[in-house]
Amino acid sequence: MSVDAIVVQSNEGKALSLRGTRVAYKAEGERPGGGPTVLEFTAAPGFGTGDHVHSRIEEIFYVVEGEFQIRAGDQMLRAGAGDVVLVPPGVPHGFGNPEGGPAKMVLIISPAGVHERYFEELAELLAKPGPPDAQAISELRRRYDTEQVSPLTA
């Protein structure tokens, strides 16, 4: 059996918009060698996930440009370029870009294949005109191992 390397260059691959925040897929799906899902977030000012918790997913946040506000358990951080935050399953967390210009991070999610379709479905919900449908987002999160622990903001 032959397995080829995966190469996704800058500005290539699947990308979607969450009302101005770009999510670019760099590696996704279960692969023969295992490995995580890798996403690149370019977050618009005002973007925020709200605090939430996963029962099965580990997330690693690596800030590339700008600053993110990241909650990880009891810690609230201003994370800048080069900072890394690892959030194991069961730890409440959230991230956002509350002010300033765009900020970019790489989000590494393990295991692969659990949470990828979530962002696609969220983009579909957010593409509808008007305020986000909080009930639909809540139902979506429940289907993808995400329990919201703080109120969602528009």
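How far apart are the mean positions of the positive and negative charges of the protein chain? I looked that up before anything else. There are 14 positive and 21 negative charges, and their mean positions lie 4 Å apart. A reminder to myself: this is a predicted model.

**Entry: the overall layout.** I went through the secondary structure next. The protein chain has two helices and twelve strands. Reading along the sequence, I get β-β-β-β-β-β-β-β-β-β-β-α-α-β. The radius of gyration is 15 Å, close to the 15 Å that the globule rule gives for 154 residues, so the chain is as compact as a globular protein of that length. I also noted the span of the C-alpha trace along its principal axes, about 50 × 35 × 30 Å.

Entry: Of the 154 residues, 40% are buried. The exposed surface comes to about 8200 Å², and carbon and sulfur atoms supply 53% of it. Taking contacts with a separation of 6 or more, 63% are between residues 24 or more positions apart.

**Entry: the aromatic rings.** I counted eight aromatic pairs. For Phe-41 and Phe-47, the ring centres are 6.1 Å apart and the planes stand at 45°, so I wrote this pair down as tilted. Is Phe-41 buried or exposed? Phe-41 is buried, at a relative accessible area of 0%. Phe-47 also counts as buried, because its relative accessibility of 15% is under the 20% cut-off.

Phe-41 has another partner to look at. The rings of Phe-41 and Phe-95 have centres 5.4 Å apart and planes at 90°, so this pair is edge-to-face. It links distant parts of the chain: Phe-41 sits in strand 3 (residues 37–43) and Phe-95 in strand 10 (residues 93–97), 54 residues apart. I found Phe-95 buried too, with 7% relative accessibility.

Which residues do the ring pairs link into a cluster? My list reads Phe-41, Phe-47, Phe-61, Phe-68, Phe-95, Tyr-118, Phe-119 and Tyr-144.

**Entry: Leu-16.** I moved on to strand 1 (residues 15–18), where Leu-16 is found. Leu-16 counts as buried at 13% relative accessibility. Leaving aside neighbours within four places in sequence, its contacts are Thr-21, Arg-22, Val-23, Tyr-25, Phe-119, Glu-120 and Ala-123. As for Ala-123, its C-alpha is 6.8 Å from that of Leu-16, although the two are 107 residues apart in sequence.

**Entry: Asp-51.** My last stop was a loop. Where is Asp-51? Asp-51 is in the loop between strand 4 (47–48) and strand 5 (52–53). Its relative accessibility is 18%, under the 20% cut-off, so I put Asp-51 down as buried. Not counting residues up to four places away in sequence, Asp-51 touches Arg-71, His-93, Gly-94, Glu-147, Gln-148, Val-149 and Ser-150.

Key: Residues are numbered from 1 along each chain as its sequence is written. This is a predicted model: local features need pLDDT of at least 70, side-chain atom pairs count only at pLDDT 80 or more; totals for chains, interfaces and linings use all residues. Side-chain values use heavy atoms; hydrogens and water are left out. Helices (H or I, at least four residues) and strands (E, at least two) are DSSP runs, numbered from the N terminus. The radius of gyration is taken over C-alpha atoms; the globule rule is 2.2 Å times the number of residues to the power 0.38. Buried means under 20% relative accessible area, exposed over 50%, partly exposed in between (1.4 Å probe, protein chains only). Contact means heavy atoms within 4.5 Å. Accessible areas come from the Shrake-Rupley method with a 1.4 Å probe; for residues, only the protein chains shown count as cover. Lys and Arg count as positive and Asp and Glu as negative; His and the chain ends are not counted. The place of a charge is taken as NZ of Lys, CZ of Arg, CG of Asp or CD of Glu. Rings of Phe, Tyr and Trp (its six-membered ring) pair if their centres lie within 6.5 Å; planes under 30 degrees apart count as stacked, over 60 as edge-to-face and the rest as tilted.
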